[in-house]
Amino acid sequence: MIDRDQVLHVARLARLRLAEEEVETMVGELSGILEHVDRIGQLDLDGVEPTSHVVALENVWREDEPTPSLPREAALANAPDPQDGAFRAPSPQAE
Amino acid sequence: MADPLELTVAEAAAEIAATELSAAEYFAAWRRAAAGDELNAYLWTAPEPNGEHEHLEGSLGGVPIAVKDIFVTRGVPTTAGSRILEGYLPPYTATAVRRLREAGGRVLGKTNMDEFAMGSSNENSAYGPVLNPWDRGRVPGGSSGGSAAAVAGGLAPAALGTDTGGSIRQPASLCGIVGLKPTYGAISRYGMIAFASSLDQCGPLTRDVTDAALVLAALQGRDACDSTSVGIEAGVVAPSREDLSGLRFGVPQLAEEGVEAGVREVFEATLKRIEGLGGEIAEIELPNSELGISAYYVLAPAEASSNLARYDGVRYGVRRGGDGDLLEMYESTRAEGFGAEVKRRIMLGTYALSSGYYEAYYGQAQKVRTRIAEDFDNAFAAVDFVVTPTSPSVAFELGAKTADPLAMYLNDFFTVPMSLAGIPAISIPAGLAVPDGGGAELPVGFQIAAPAFAEQKLLEAAFALETAIGFNREHAASIPWKGANRG
């Protein structure tokens with residue numbers, strides 16, 4: 001159902017680095033699950049409306065009243081590497 | 001005076017209101033009980049009260065309640081059972097917890113769970129599995145396994161859980177307590193760490209149906225912070241119905257394979273009891289329900305893969321590989337922060353949403369979801385409720401299904417369709433049964449589902465049936481939370 005190259009491609013899309021043994025396990029397990037799930041791929045469901053949400057809701061409006069936001073210090077309190085009131089992350093470019 | 005830890009939430013709140021029971025002593029007694037946790041049910045327990053959140057007014061006045069570790073709570077460690085959130089101290093509090101406190105309830109502790117609520121056995125927690133208080137060699141179910149074990153094991157009078165595909169009902173069933181998944185939208189999801197946003201719903205795990213009603217009544221309602229929350233317009237009150245006359249219970253013809261003999265026996269006996277109370281049993285068809293697991297294991301992982309993209313080591317939680325470039329940091333953080341099941345679901349969801357596969361998987365699954373919801377609509381035109389066993393088996397042994405993800409997923413066979421349809425469903429303990437492999441008797445849950453927002457009607461029927469079954473009275477000698485069996 002799903003091969004090694006596809007697993008590595010999907011892992012890259014998901015920003016997951018898999019160890020070598022995880023790749024092997026993932027190929028087997030995902031294939032087994034997809035085989036089961038594939039039953040729905042075979043169904044003729046032309047004309048059936050997809051359900052993305054079960055509660056029929058229209059737009060929910062509220063008055064545009066300003067309320068206090070999360071203070072900056074609180075938002076940064078859990079940051080692994082805060083600096084100058086901002087979140088610091090490594091450069092996207094390799095050194 | 002009776003052992004205060006044997007009081008239900010309703011009884012304790014009434015005694016505290018009448019000043020027959022000291023709220024401070026009652027809370028201290030529960031703190032001692034929770035501190036003696038040998039089931040790994042808690043990830044955090046409340047310190048000595050400091051005066052904060054301590055008013056006694058309200059329907060839950062003075063009653064301590066355990067909260068699944070998926071609800072962010074300001075200043076209280078919240079991990080969702082994941083290594084990636086180790087040490088996280090949320091800067092705000094979930095609406096469900098805020099409402100609990102506004103009703104006079106107190107947070108007794110945060111309960112262990114499958115990582116990000118993904119699992120049916122609680123073996124996917126990064127902080128170790130929870131043990132079933134009926135048999136410590138067995139699982140409590142999941143993902144709200146810590147909440148179920150805490151209530152069943154006499155470590156909390158009641159608990160909050162979340163249910164995405166059965167995560168309240170299945171552990172309640174495996175632990176011999178009541179678990180209610182309300183209609184999608186009944187309770188705010190604000191501050192509930194997201195797994196699959198179109199399915200996640202908060203609900204109570206309690207010793208009886210009355211307590212489930214009491215907790216639901218305190219929590220339900222529209223919340224400006226969750227635009228999908230609508231509340232239960234008619235409200236919720238304590239149920240009082242004594243019979244089931246005039247009510248029709250639909251039994252779907254579903255594949256019987258995989259249902260344990262003992263579970264089937266208890267289920268059949270419960271149908272007889274319904275008839276004894278004047279209810280009518282009718283066969284119904286839910287032709288698409290058997291596709292529920294397939295649709296669910298596309299939709300839930302797809303939503304999860306999107307929701308869990310936020311754990312990237314930038315704003316909160318654990319960071320690894322910070323000396324490399326950004327991609328290296330993302331990949332290291334997620335590789336080390338997530339457990340095997342979470343990675344599996346992220347992979348599954350990312351694959352299902354990826355270019356070329358979207359229509360075949362996600363699109364089809366959304367259409368199956370429509371069909372499943374239509375099946376229930378059709379059923380409810382003829383019957384008042386749909387009933388099934390909650391779980392195909394009683395509690396299974398630790399490690400029995402960890403090597404086979406698909407076998408684990410099939411635990412949710414009876415609970416997933418209601419989640420996909422967004423309708424309310426409750427599991428009540430209906431009896432005890434010997435597992436297929438032999439051994440001591442274990443609890444069997446009976447699931448009752450009702451149309452959207454018909455919670456009051458559901459609770460009334462469950463209450464009448466619970467009273468007739470008399471589980472907590474009949475099995476007092478073996479119920480773990482009963483005083484003589486505790487500890």
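Thr19(B) is found in the loop that links α1 (9-17) and α2 (23-35) of chain B, where helices (H or I, at least four residues) and strands (E, at least two) are DSSP runs numbered from the N terminus. Phi of Thr19(B) is near 55°, a positive value in a residue other than glycine. Thr19(B) counts as exposed because it has 9 C-beta neighbours inside 10 Å; a residue is exposed with 12 or fewer other C-beta atoms within 10 Å of its own, buried with 20 or more and partly exposed in between, C-beta atoms being placed from the backbone. This is a predicted model, in which local features need pLDDT of at least 70 and side-chain atom pairs count only at pLDDT 80 or more, while totals for chains, interfaces and linings use all residues. Residues are numbered from 1 along each chain as its sequence is written, and chains are lettered from A and ligands numbered from 1 in the order in which they are written.

Confidence comes next. The average pLDDT of chain B is 95, and 99% of the residues score at least 70; pLDDT is the predictor's confidence in each residue, from 0 to 100. For the complex, the predictor gives an ipTM of 0.95 and a pTM of 0.97.

Chain B contains 15 helices and 11 strands. Its C-alpha atoms fill a box of roughly 65 × 55 × 45 Å along the principal axes. Of the 487 residues in chain B, 64% are buried. Among contacts in chain B between residues at least 6 apart in sequence, 76% join residues at least 24 apart, two residues being in contact if their C-beta atoms, placed from the backbone, lie within 7 Å.

Helix α4 (residues 145-152) of chain B has 8 of its 8 residues buried, so it is largely enclosed by the rest of the structure. Its buried residues include Gly145(B), Ser147(B) and Val151(B). Among the elements that cover the buried residues of α4(B) are β1 (42-45), β2 (64-68), β3 (106-111) and α5 (169-175) of chain B. After α4(B) comes Gly154(B), with a positive phi near 75°. In helix α6 (residues 209-219) of chain B, 11 of the 11 residues are buried, so this helix too is largely enclosed by the rest of the structure. Asp211(B) and Leu214(B) are among the buried residues of α6(B). Gly221(B), which follows α6(B), has a positive phi near 140°.

The loop between β3 and α4 of chain B holds Phe116(B) and also Ser143(B). Phi of Phe116(B) is near 50°, a positive value in a residue other than glycine, and Phe116(B) is buried, with 31 other C-beta atoms within 10 Å. The peptide bond from Gly142(B) to Ser143(B) is cis, with omega near 10°.

Strand β2 of chain B includes Ala66(B), which is buried, with 29 other C-beta atoms within 10 Å. Neighbours within four places in sequence aside, the contacts of Ala66(B) include Leu108(B) and Gly109(B) as well as Ser147(B) and Ala150(B). The C-alpha atoms of Ala66(B) and Pro157(B) are separated by 8.0 Å, although these residues are 91 residues apart along the chain.

Attention now turns to the contact between the chains. It takes 46 residues from chain A and 56 residues from chain B. On the side of chain A that touches chain B, α1 (4-13), α2 (20-37) and α3 (72-76) of chain A each supply at least two residues. The most comes from α2(A), with 7 residues. By class, this side of chain A has 30 nonpolar, 9 polar and 7 charged residues, where Ala, Val, Leu, Ile, Met, Phe, Trp, Tyr, Cys and Pro count as nonpolar, Asp, Glu, Lys and Arg as charged, and the others, Gly among them, as polar.

Within chain A, the axes of α1(A) and α2(A) come within 9 Å and cross at roughly 105°; axes are lines fitted to C-alpha atoms, for helices over the stretch in contact, and angles run from 0 to 180 degrees between N-to-C directions. That makes α1(A) roughly perpendicular to α2(A), the class for angles of 65 to 115 degrees, with those under 35 roughly parallel, those over 145 roughly antiparallel and the rest oblique.
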